[in-house]
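Here is a walk through a protein model, taken one region at a time. Keep the 3D view open as you read.

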Amino acid sequence: MSRSQTIILVSLVASILSSAFAVLASANQFSAIAQDNNSNSEKKLVGGHAMGYSAYETSGDVLDPVNNDGKMGKDAVMNPEKYLRSFNYGRISTSPNGTTVREFTLVADDRQTMEISPGVSYNVWTFNGTVPGPTLRATEGDIIRIKFINNGTMPHTIHTHGIHKAEMDGVFEIINPGGQYIYEFPAEHFGVYPYHCHVQPLEQHISHGLYGAYIVDPKTPRPPADEMVMIMNGFDTDFDTENNFYGVNTIPYYYMHHPIEIEKDRLVRVYLVNMLEFDQINNFHLHGNLYNLYRSGTSLQPDELTDMVTMSQGERGILEFSYKYPGQYMFHAHKTEFAEKGWTGLFMVKDSSETQHIASSGGGR
Amino acid sequence: MEKENDQLKGPNEKRLSAVRMVAVALIPIVVLAAMIAYLLGPGQSLLNTGTPLPEVSIERIEFHEGQIVALVRNTGPIDVTVAQADVNDRIHPAAIEPSKELPRLAEAKVIIPFPWSAGEPYEIGITTSDGTRFSKGVTAAAPAPAPSIEQASFFALVGTYVGIIPVLIGLMWFPFIRRVGSNAYRFFLSLTAGLLVFLGIDALVESNGIAAENIAGVFNGQILIVMITIFSFLTLQYISEKLVGRAQMKLASGSTTRVQTERQELIRPVAIALMISIGIGLHNFGEGLAIGAAVVLGQVALGTFLIIGFTLHNTTEGLAIAAPLAKIDRRRAMIRKLLVMGMIAGAPIIVGTWIGGFLYSPIAAIIFLSIGAGAIFQVVFAIYSWMSRADITRTRILSDAYALSGFAVGMGIMYATGLLVPS
């Protein structure tokens with residue numbers, strides 16, 4: 001063979017080998033089969049939780065935010081268990097004229113990347129390090145004083161819904177990074193309100209997490225109940241102006257794998273706020289029960305007895321109900337898309353004889 | 001060889017020993033390695049700007065009993081961790097094997113237990129740990145063909161109908177073409193060339209579509225098509241020249257009897273017909289991959305109408321093989337040659353459907369389609385260069401009305417029958 005023939009032959013063989021390699025590399029089956037065989041680690045089950053779904057045993061990893069086999073990491077943006085029944089009444093003092101003054105400190109930050117769903121991290125913008133921020137609570141007529149510190153890298157404010165002077169509205173007094181402001185106003189009218197950052201682009205500041213709930217109790221407290229706060233929210237983690245995750249109190253499906261324990265026949269009061277960005281509506285549907293709905297919480301007379309309330313962004317209400325029968329009951333958005341992207345939870349109704357440990361936070365303090 | 005080397009050297013250059021030659025050749029590589037080591041180590045901070053974005057490609061989606069399986073690959077510039085899977089943008093529990101951690105170019109199998117319904121469209125999504133979602137749609141869910149005897153024989157039956165039978169039917173034009181006059185013969189040879197050019201372009205367009213839709217940018221699918229087509233053309237040109245040249249040399253070395261001259265005349269048309277059948281065989285292999293994959297991907301319901309379309313479309317391929325052989329005076333031996341060539345051209349479609357259906361790989365598909373395209377263009381080149389030399393057809397192709405109209409009619413036939421086949 002001449003030299004040129006040899007060269008051609010060698011290059012032929014080389015190119016055939018390399019294309020064969022490319023074919024093998026792209027034909028996933030080969031490695032997939034190999035992977036099935038060489039696993040001696042423990043097997044895990046996935047699926048099979050829902051009707052009609054077969055279970056699958058895997059030697060690989062489980063991706064399951066619904067049943068939380070993934071588990072939240074330490075850098076989770078909040079603990080929905082703790083947040084649910086936490087109410088911040090502020091540092092209490094009395095003004096010279098005898099009015100109760102409640103002082104709160106809210107610190108805004110926009111630099112943290114934290115876990116918002118098992119295994120998914122996102123640049124959250126927070127009040128006091130969590131999304132949603134702390135639930136502020138006062139009684140009608142109290143003086144609210146919020147010391148606001150902007151610890152972030154861009155301007156932020158606090159805009160509270162309710163009745164107050166223009167300069168306490170958190171719209172025109174932009175607080176730059178490192179800046180501070182004191183918002184002071186009387187708590188009126190009783191009800192449930194959102195608070196949120198009001199810096200443009202508003203959509204960005206809200207969708208990243210700068211919001212929370214603010215409750216004003218009537219002077220005569222509502223009847224004692226097992227009280228909880230639920231903020232309906234979501235996250236657009238790939239910035240296509242559509243939410244990838246939905247939930248109440250941030251973590252998708254959290255109350256599915258950590259059902260909320262309540263007592264049979266005991267009054268439950270949910271302070272519900274819709275802060276969902278991008279979607280026009282959101283709603284709250286309760287299984288096996290009806291609730292008294294107090295729209296905006298500004299009346300002591302219920303507006304409706306229902307199992308469904310639909311809210312646009314910023315709308316809110318108080319839901320009161322008690323369960324007649326023990327067992328597990330779902331609550332979720334009846335926009336099933338949201339429900340199947342995380343906005344689903346469970347109430348675990350127990351007979352009072354079984355439940356001694358439930359926190360019994362009354363209507364007052 | 002010695003002489004050649006000496007001529008290439010300048011007068012002042014001294015010959016280096018083999019070891020020193022290797023050493024000299026390695027110097028730039030060593031320097032390059034040192035630079036990369038520096039950039040990965042202390043030099044790292046100098047060049048890091050911007051945020052590298054993750055990219056995950058879903059290469060294949062299969063529907064199994066009660067589960068959907070997606071084969072995913074990290075085709076981006078950084079390692080990724082997969083956080084969740086979804087069906088139609090709704091989160092579903094899933095398993096990922098071997099691991100949710102995907103280094104660059106690594107692949108994984110995502111298994112989603114899901115009661116899917118045949119015939120419905122689905123979109124499968126994968127979300128990485130930074131919340132980015134990557135998705136791929138399937139037009140209509142169809143159960144993944146398991147490599148069983150039944151499935152294999154079904155594909156073989158389909159392949160026989162769309163590949164082998166039409167080519168053999170086309171070969172039955174052989175006696176007709178034998179009897180046509182010289183002008184008509186040039187018309188039919190050019191018609192063959194027209195058919196082939198259409199097939200070649202079709203293969204390029206099809207592989208381009210696969211590259212654009214199913215192959216991640218990192219694999220440079222479109223460049224691969226051009227590379228392989230050119231390489232296939234040149235290689236087949238080289239091989240056919242060598243084969244014909246060697247055969248002619250053998251014959252020429254003996255005395256020139258009447259029989260041998262006749263044989264010599266025979267070699268080129270037979271070689272051309274063989275190359276045509278190999279080229280068409282490669283094309284049909286690619287077509288088989290596409291049919292098998294389309295069945296898996298749920299894009300095609302293989303119905304009678306579709307099979308009739310493929311049959312009409314492929315019948316002309318038999319004509320292409322028969323035409324160059326038609327004017328050879330040895331009818332008896334030709335029949336067997338024709339049958340063999342028909343099988344070479346038609347049978348690969350069956351193997352193609354098996355591979356396409358059972359282990360579909362988009363890269364394999366474009367490689368074979370491009371090899372087929374190169375082979376087909378080489379055959380067209382061979383037909384025209386032979387037509388301009390052979391005694392029966394000797395003519396200036398570009399100024400021949402019969403050749404021109406044949407070429408146009410060939411392409412037109414393919415276009416018209418192609419309307420019966422969804423692409």
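Start with B:Gly245, which sits in helix 7 (residues 221-253) of chain B. Is this glycine buried or exposed? B:Gly245 has 11 C-beta neighbours inside 10 Å, so it counts as exposed. Now look for B:Ala184, 61 residues away along the chain. The C-alpha atoms of B:Gly245 and B:Ala184 are separated by 29 Å. Bear in mind that this is a predicted model.

Step back to chain B as a whole. It has 13 helices and nine strands. Of its 423 residues, 45% are buried. Take the contacts in chain B with a separation of 6 or more: 79% of them link residues 24 or more positions apart.

Helix 11 (residues 348-358) of chain B shows what burial looks like along one element. Nine of its eleven residues are buried, so the rest of the structure largely encloses this helix. Among the buried residues are B:Ile349, B:Ile350, B:Trp354 and B:Ile355. The buried set also includes B:Pro348 and B:Thr353, along with the glycines B:Gly352, B:Gly356 and B:Gly357.

Next comes the nonpolar core. In soluble globular proteins, nonpolar side chains tend to be buried together. Here the largest nonpolar core has 192 residues. Which residues have the most contacts inside it? They are A:Tyr271, B:Ala70, B:Ala94, B:Val110, B:Ala365, B:Phe368 and B:Val379. Helix 12 (residues 362-387) of chain B gives the most to this core, with 17 residues. On the chain A side, follow A:Tyr271. Leaving aside neighbours within four places in sequence, A:Tyr271 is in contact with A:Val192, A:Ala213, A:Ile215, A:Val229 and A:Ile318.

Strand 12 (residues 211-217) and strand 7 of chain A run parallel and are joined by four bridges. Both belong to an open sheet of four strands in chain A, in the order 7-12-11-9, with mixed pairing. Strand 7 (136-139) and strand 9 (159-160) stand at the edges of this sheet. Each has a single partner strand, so one side of each is left without a neighbour in the sheet.

Strand pairing also links the two chains. Strand 3 (residues 61-63) of chain A pairs with strand 5 (residues 94-97) of chain B, antiparallel, over three bridges. In this pairing, A:Asp61 has B:Ile96 as its bridge partner. Strand 5 of chain B is also joined by three bridges to strand 7 (residues 107-113) of chain B, again running antiparallel. There, B:Ile96 has B:Val110 as its bridge partner. B:Val110 is one of the core residues named above.

Finish with the helix packing. Two packed helices are described by the angle between their axes and the distance between the axes. Helix 6 (residues 182-214) of chain B packs against helix 12 of chain B at an angle of about 160 degrees, with the axes 9 Å apart. Angles over 145 degrees count as roughly antiparallel. Helix 6 and helix 12 of chain B are therefore roughly antiparallel to each other. Their crossing is left-handed. Helix 6 of chain B also packs against helix 13 (residues 401-418) of chain B, at an angle of about 40 degrees and with the axes 6 Å apart. Helix 6 and helix 13 of chain B are therefore oblique to each other. This crossing is right-handed.

Technical notes: Residues numbered from 1 in each chain as written. Chains lettered and ligands numbered in written order. Predicted model: local features only at pLDDT ≥ 70, side-chain atom pairs only at ≥ 80, totals over all residues. Core = buried A, V, L, I, M, F, W, Y, C linked by C-beta atoms within 7 Å. Buried ≥ 20, exposed ≤ 12 C-beta atoms within 10 Å, placed from the backbone. Contact = placed C-beta atoms within 7 Å. Pairing = 2+ DSSP bridges. Axes fitted to C-alpha atoms, helices over the stretch in contact; angles between N-to-C directions. Parallel < 35°, antiparallel > 145°, perpendicular 65-115°, else oblique. Left-handed = near helix turned anticlockwise from the far one by under 90°.
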